[in-house]
Each structure stands twice: as C-alpha cells, then as structure tokens.
Amino acid sequence: MDAVNDYIADFARFITASPSSYHAAAEVARRLDTAGFQRLDEEAAWDETSGGRYIVRDGAVIAWLQPAASAPSTPFRILGAHTDSPAFKLKPSPTTGHLGWLQAGVEVYGGPLLNSWLDRELELAGRLALRDGTEIVVRTGPFLRIPQLAIHLERGANEGLTLDRQRHVQPVWGIGNAREADLLAHIAAFAGVDRDDIAGYDLLTADTHVPERFGLDGAFFAAGRMDNLTSVYAGLVALLEAHRSGADADHISVLAAFDHEELGSQSRSGASGPILDDVLTRIGEGLGATRSQQKQAYAASWCLSADAGHAVHPNYSEKHDAANHPFAGEGVLLKINANQRYATDAAGAALVARLSASAAAPYQEFVSNNTVPCGSTIGPLTATRLGIRTVDVGVPLLSMHSAREMVHVDDASALAGLSTAFFAGA
C-alpha cells in the first residue's frame, strides 16, 4: 500500500503542475531532464548514440530509450496517450462583459460535461507566443468562474438543465466596463511580459481545486484532467523505471503523449498527424535503417494505447453492457470494440494477459452497451497510420469529461505496473 500511496501523491503533484497540454508537456520534459534524458531540436541533426532522448512539439512530447544494441530493424514498444482534456478555450477579442460584469469570451474545447464546470474557481493556462517568436507557458491561478443561475430564478432547473454554449458558459472575472478593460493585459502580468508583445495565445480553462483522496480508506482519487493524464503519468513512470533499471532491452521504448485527442487528433502534434512517424523515422535513419528495415521494425513493434475508460456507474447500470461490468478497484481496462473504435484484437488481448501476469497488475475487459456507442482513442489512428499492432487499455473512471473526474487508486497504480512490464518486454 505504501507504493500506491507514494504513486498517488506524486500523481497529484503531476496533475497540479499540468493545467494545460503545454504545461503537461513541460512537466514531462522537466522530469525527463532530471533523469538525464537529452532534449533534441527537430530543426537540428540528432544525436544518434544510445540513451534517453525526447522532443516537445507544441503540447505533445515524445520520449524514447534507445539501447546500445539497437540495430536498423530493432522494434519499438510505444505507449500512446494524450495530454489534452475537455475545457473552454479563450477566443480572439476575449474581453467581453454585460451589465457591469467583466467576462471572458470562450469556445468549447472537446466534449466537456458542461454543468460540471459551473460554480468552480477556474484558471486560464496554456501558452503565449510573443512577437519575437518566443513561446512561454502561463497560468493565472483562480481567476474566473461560470456562475449558475439561482434556483429561485429557474424553478425547473432540477428537472433538466440546458446550457447554451454561447450564452451560458462565459465566465466572469471582474467588475467594470468591457470597453475599457483588457483581459490579455492581466494575463501578460501573470506571465511577466508586456501586453503589446503578445502576438498569439492558446489558453484554456482548468479547475483549480486541488486533487484529493476520499472515501473509505482513501480508496478514491478526484482531480481534473485524469482523462488522460492518468496514462501520460503512468507511461512516464514506466519509461523512467526502464531508464533506471539499465537493462539492455531488445526494443526501443517510446512514450508518445499526443495533443488534440479530444478534437479528433488532426493536428501536427496529434496522433493523426506526422509527429510519431517523424520521430520513429529519424530514429531508424540514425541506426542506418533502409525503408525495408524500418517496415521490419514496425512489423515486430507494439503500441499500447492508454486512455481512460468507464467504470460501471451504480446509478446508471443500464448504460453498461449487461455481461461486462468493469468495477473500480478491479484493475486496468482492456478496451474492446467490434467496430475498431478501439484497436484491441485477440493478439493484443494475449499481450495484456502476459503483461498483467508479469506485473501482478489485474485487468478487466470493457465493451460498450450496443445502444451506447463508445468514443475512440489514438489506438486505431496509430495502427492505421503505421501498421503497428495496437491494443487499447486504460483506467476506469467515473465522471469522465467532468471538470473533476474520479478513479480508484489501485487502478491508477495498476496501469503503471502494466506499462512498466510493457517497456520491460514482458
């Protein structure tokens, strides 16, 4: 239990440091730097020697551990995850307001559970692009709130709450005249830069309530952005453990933490984009691989697509498959879908069984109710783009896409165990 406690305590620190995809990538990079990994510049030639390397592209980070014995056809073991989460993104001309309230103009990012964002102290977090080309990450701390209408003014609120995405989710941040105020000037002050130097920005809301354990024996953990920082963190822990062990594996271990999964992954830093192929190709070229040898490496490779899934909900059991009830505390989900919304097949299921046995980390199967279609993950995208065998796993959550999700602490820790066995070559 001490190991689980330590894992969850550090996971809480990781989440707290990662209010946006850009912060998550920066925190992964910071921890990799501390462990001795070398950051590479995509515009420069790469160091082709063995060891730990990584790149950061926007809000994505790809890190890898290349053994000394790597050859042109050495396969990859890739753990794929994503750094972004549903939220609200700051629009252009963001300073708005009405009737003396200062508000922020925001656009819905991904598919948040809208009502969960009401009456919470929110921050803006992300990156600023300055006129000289410099990019910096910034966070405001508690600064905004989306206030709910009092029940006295909407007596039917408890019978059904409908939120207009344009009118009802614009947060307040002050009192004053919107024509005389400037939200970006305040953000510039948080960042310690001049307002006029800001040429562009990618800023999103994040809940500022700290992560907390709760429930009987502290079995549950609640925090924002666990879809999908649970997987990013588990993959990072596993990669750092592979680095610490010093074992000369027969594969190259890769952590691929993509951005923009919540939008469909179609970006230069998303799983539908070229980032992973760019990195794997350059690693192969550094090893002297021909195109044929690169394809040999891919044919022998595996991708463990790690994303959050659904625990059975005690109040809505009819939403789940009658014969497959994934329970909190019973282990990692093996995610299965007949229509390849998840990439798991029989071979992938066998791999997860081996990993589970090696790590003593339990797993359980998840499949959707036929009347409640599931979403998808980066798994099918990676399998389609690269032809690499892929299997989908993840931790079971309640309140997925809420501003604050919950997980059983044993499941979060089990994902790290499974990921560690994956990089160890089990």
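Predicted model: local features only at pLDDT ≥ 70, side-chain atom pairs only at ≥ 80, totals over all residues.
**Aromatic rings**

A pair of aromatic rings is described by the distance of the centres and the angle of the planes. In total, 12 aromatic pairs are counted here. For Phe422 and Phe423, the ring centres lie 5.7 Å apart and the planes meet at 40°, so this pair is classed as tilted. Elsewhere, Tyr7, Phe11, Phe14, Phe221 and Tyr233 come together as one aromatic cluster.

**Helix pairs**

Two packed helices are described by the angle between their axes and the distance between the axes. Here are two such pairs to find in the structure:

| Helices | Angle | Axis distance |
|---|---|---|
| α2 (residues 21-35) and α4 (residues 226-245) | about 10° | 11 Å |
| α5 (residues 275-286) and α8 (residues 378-386) | about 50° | 10 Å |

Let's take α2 and α4 to begin with. Their angle of about 10° makes α2 roughly parallel to α4, because angles under 35 degrees count that way. Their crossing is right-handed. On the α2 side, the contact uses Ala24, Val28, Arg31, Leu32 and Ala35, which meet Leu229, Val232, Tyr233, Leu236, Leu239, Leu240 and His243 of α4. By class, these are 10 nonpolar residues, one polar and one charged.

Now for α5 and α8, which pack at about 50°. That angle makes α5 oblique to α8, and the crossing is right-handed. Leu276, Asp277 and Leu280 of α5 make the contact with Thr382, Arg385 and Leu386 of α8. Three of the residues in this contact are nonpolar, one is polar and two are charged.

How values were computed:
Residues numbered from 1 in each chain as written. Heavy atoms only, no water. Axes fitted to C-alpha atoms, helices over the stretch in contact; angles between N-to-C directions. Helix = DSSP H or I, 4+ residues; strand = E, 2+ residues; numbered from the N terminus. Parallel < 35°, antiparallel > 145°, perpendicular 65-115°, else oblique. Left-handed = near helix turned anticlockwise from the far one by under 90°. Contact = heavy atoms within 4.5 Å. Nonpolar A, V, L, I, M, F, W, Y, C, P; charged D, E, K, R; others polar. Phe/Tyr/Trp six-rings, centres within 6.5 Å; stacked < 30°, edge-to-face > 60°.
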